[in-house]
Amino acid sequence: MELIMPADQEAAKPAASPSRLAPLPVTLIPVDGDQESDSHLSSDVFAPLTIKVTQGEGGLDPLEGVLVDFTLEGPTLQAEPQEHRCPTNALGQASSPAFAPLAGPGTYTLTAELHNTDDYHPAPSSLNYDRTAPEVLVVASLPKRCYLAGGCPLRLRVIRPATEADELSINCTLASDTFQLSATPQSPPAPTGDAVTDEDGNFILFLRPVKPLDPTPATIALHVSAEDSQRTWTAEIPCPQILLPTLIDVSTGQEQGAPASDGGLDSGDGQALVPLTIRAMGPGPDDDPVDGQQLGDQPLPDIAVDFSVTDENGQTRSLGTRYTDAHGEATSPPSLGPYAGRGTYTLTAQLSPPSTAAIRGSSPAPAQRTSIRTPGLEGPTAVNPGQPLTFAYTVKQAAAEGQVVSVFRTNQDPLNPGEDPFYHQVVTGASGTVTFPGIPHLGARDYLATLTTAIAPEEFIHLAEPLTFTVANSTLTTAGESFPAGQDITFTYEHGEGNTGNPNAVICLYTEMEGPPSSGEQGPGALDTYDATDASGTVTFPAESFTTGTFITDRNFTAYLLDMGDGTSELDDYRWLSVPCHITVQNTPWINNFTATYNANGTISATGRCGPYEATVESFSGSQNDWVGIGGITDNTFTNNNIPAGYELNDTTLRLRVKSGQETSSLINIPLTRPRPVIEVATYRNGTTNVNVEGAGLPGAELAIKGSTGEWISKDPVGTDGRFNADGDDYNTAGAIVRQQVAGQWVESDAVPLAVPPPEITSPADGSTVTGPCPPITVTGRPDSTVTLKTVDNVVATGTITDTDGLLTLTPTENLPNGTITLTITQTLNATESPDTTLTIQVTPPWILLLTVEAPEMPLTRVRWYSDTAPGARLGLGDVVTLLGEADLERESGDRKNSAFLAGLPDGLKAVEISPELEWDETNGYWRHDSPPGQFLYLVKVQVESGAPATWAPSFRADGQGSSDWQPMHPPYITASMPE
């Protein structure tokens, strides 16, 4: 069991026992009235119990310094109750502490009793009160006071059974149009906020004002819903006291409204002002007064602060918003660019809205500091070889021994007495100039100019930030110093004697307000950049490079020849290669790069580049003999696709100018063209003498195509999408021409040679099976064209199409091989050959010729063979023919048997069924049947396979009694050849 006691009370010892001081009864009474009915939580702990210890009748005498023990016991605290001991104050009161958060729902008992009750007679009774925690409870709290500049933390605690999931997503909504919620002090506010509680049930959002608090509300209504949308809670949270922090300049310790003007704040580096660092201070969110003293100050994190800089002419520029860190500090960004010259500047830090706007009528003074900008050491940033070097110096107080202006190489240490400078000169006085001879040509190299003084023998210090400058090995020039707006400007560069080029060299264009880039550092973004990698050359920046943004006075630009480095450095390693080239672009009206064309209906489309922004483009109307406005300018661009007819100077010229106020640009005469139609594809059509043309024209323009005899044949107008597709009738020349009507005049296209399309295969179908050896091929092509049929190796057929429908059938003049074959077919017309058309077919074997034969009669034997097809029948691959044999075998005496024979089949023919009487003789290659006298029938079925012979008939013989030996027969006795 842990005993909790305040550190400042641990050593406190009560006075003598009250019972010894006065034999009066001691009583514990509740100060807050009936607390037995309390059943809620305050914040994330139980509502405290405050008791009073009294003595005497009626409890009128409070006892101070009496120790009171508070104990909390409950369902999840049985094993180790929470305890706290504290003494009563001068009023005899003591309060229970903020006991640890609950671990689950249920009823808890909070008990108050005197410590060492044995010292009291009679022993006073303890006070016991129940505290009930609901099953799930969302407790919301805000601090007593907050700073809206960083958002006011809204803390939520979800108390729920341990059996629920570790995380619970909830949504918070404020019933207020004055405040919104954000996830972090710096994120944008929104009416609602979503979050997921951690395993301890902790959740925080930030309250942000979105309009002035007039007046500050007493409470803020909060609605909370769980992710299952089945549980909601509503709480009225006391609105905290809204405070404004105090901004203190960390350098001077001065509070807001007390600007510093000490010249010692001067930067002295010729580039940036010394930044302003402030600290936001104020009472802590939960500070309480101590013994009537004022609330203490502490650093405030996450306070939004706006920084700005104002020059001595009253012009102010924002430097952006910064948030204070954990130490309550924020530092202004560097102030570069136009605020880098000498003069007096004021850096300002003030609370960022909505912090200041949230409290109506409040106008907290900003934190300010004034810097008196002296140059320190000023000089060139780049010079040419041999160019004199002039440096201006300024110090706050001249040194007794004088100052030294020196020039060193960058690899030297200027404060090392052993280093010899390139140049040096002792100067006196608080300011002045020093001029050194130029540095000879040594190749592009950086140098340091320093302003130092001796503070002891052989010991030096810098009086100003060293100045880096470049002695260039390259040059960058242009034709002049001032150019009219809207003109392309060309720069000429040369990388120096003996230099063959620089792969990292570029020319960058900057405005006077943006540049320049510094060696070794990333400069502001250039307006435009072009490579300059050759040994010498020119780079032309288009007019658009100099017209970015709106400007009403002449504008100054600077072009830099830079070495960008090889990309191996983490920072962009800019290095100057030449003296910058400065130019001025005059802000006069300008106009260039215009085109103009007629539309089909006679109106005009024109587009081009011009300026300035506040200007009008005018056209000189020849019919009205006056200037007429035709539109304004957007982003230095003019476009009008519907300039009325008659606004042109004449039918071939559009005269334009730009007018801005009383100023006008120079005049330009733009050729006014009638667009010609463009034929993209011109093709003969198969199966007809027509042609087809496809291309682009002017939307809505009337269209005609030229016929074979020179007549013009009207076609549908050009479509609204600017496309046309038309057929020409009876057209049989080598070129196609179309024309379109524009503003009352016909405009012809160029003649486009007609393409010959590939012939179309009519039969057989691609991939089909045909019977060889010379299957016919039918195509549809262009009449009068010559069609050629080729295999991979040979031309196998040609023919000219005479049919008006373009049909032609070609028969190969040589046998095609069996199997899969691809044929190529083309057609030629007017010496122009078409692309190929391919045809792939499966060619079957040549025809099989079957003959029916009959052997002459022999003594005692007669044999015939028949087929189930007529003589000369044509069979295809896979077909089956049935052969029937008939044998009459006789004998007069003896025991010899007659025999019938059928020769074996050639390659390409296969026996698929054979009569059982026929026995195959492998040695002699025939079927044989031996039998006594009688008539016999035989059957053989033969299937045609790949590689079968061109003609075939069965071969047979017979042998019978009466013949001294075997008498072979020599079939076929009837011969035939393939029919034509």
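Colleague: Before we start, when do two strands pair?

Modeller: Two strands pair if DSSP finds at least two bridges between them. Keep in mind that this is a predicted model.

Colleague: Okay. How many bridges join strand E62 to E63?

Modeller: Four bridges join them. Strand E62 covers residues 738-742, and the two strands run antiparallel.

Colleague: Which residue in E63 is the bridge partner of Gln 740?

Modeller: Val 747 is the partner of Gln 740.

Colleague: What sheet do these strands sit in, and what is the order?

Modeller: The sheet is open and has four strands. The order is E59-E58-E62-E63, with antiparallel pairing.

Colleague: Which strands stand at the edges?

Modeller: Strand E59 (712-715) and strand E63 (745-748) do. Each has a single partner strand, so one side of each has no neighbour in the sheet.

Colleague: And what does the twist average?

Modeller: From one strand to the next, the twist averages 30°.

Colleague: New topic: aromatics. How many aromatic pairs are there?

Modeller: The count comes to twelve aromatic pairs. One of them is Phe 391 with Phe 469.

Colleague: Is that one stacked, tilted or edge-to-face?

Modeller: The pair of Phe 391 and Phe 469 is tilted. Centre to centre is 5.7 Å, with 55° between the planes.

Colleague: Where do the two residues lie?

Modeller: Phe 391 lies in strand E32 (residues 389-394), and Phe 469 in strand E38 (residues 467-471). So the pair ties together parts that are 78 residues apart in sequence.

Colleague: Are Phe 391 and Phe 469 buried or exposed?

Modeller: Phe 391 is buried, and so is Phe 469.

Colleague: Now Tyr 510 and Tyr 560. Why is that pair edge-to-face?

Modeller: Because the planes of Tyr 510 and Tyr 560 are at 80°, and planes over 60 degrees apart count as edge-to-face. The ring centres of Tyr 510 and Tyr 560 are 5.6 Å apart.

Colleague: Which strands hold these two?

Modeller: Tyr 510 is in strand E42 (residues 505-511) and Tyr 560 in strand E45 (residues 555-563). This pair therefore links parts 50 residues apart in sequence. Tyr 510 and Tyr 560 are buried.

Colleague: Back to Phe 391. Which residues form an aromatic cluster with Phe 391?

Modeller: Phe 422, Tyr 423, Phe 436, Tyr 447 and Phe 469 form one cluster with Phe 391.

Colleague: Last topic, the surface. Which residues make the nonpolar patch of about 230 Å²?

Modeller: Ile 455, Ile 461 and Leu 463 make that patch.

Colleague: Where is Ile 455, and why does Ile 455 count as partly exposed?

Modeller: Ile 455 is in strand E36 (residues 445-456). Its relative accessibility is 48%.

Definitions and conventions. Residues numbered from 1 in each chain as written. Predicted model: local features only at pLDDT ≥ 70, side-chain atom pairs only at ≥ 80, totals over all residues. Heavy atoms only, no water. Patch = residues over 30% accessible without salt bridge, like charges linked within 9 Å, V, L, I, M, F, W, Y side chains within 5 Å. Areas by Shrake-Rupley, 256 points an atom, 1.4 Å probe, with all protein chains shown as cover. Salt bridge = Lys/Arg side-chain N within 4 Å of Asp/Glu carboxyl O. Buried < 20%, exposed > 50% of the residue type's maximum accessible area, 1.4 Å probe, protein only. Axes fitted to C-alpha atoms, helices over the stretch in contact; angles between N-to-C directions. Phe/Tyr/Trp six-rings, centres within 6.5 Å; stacked < 30°, edge-to-face > 60°.
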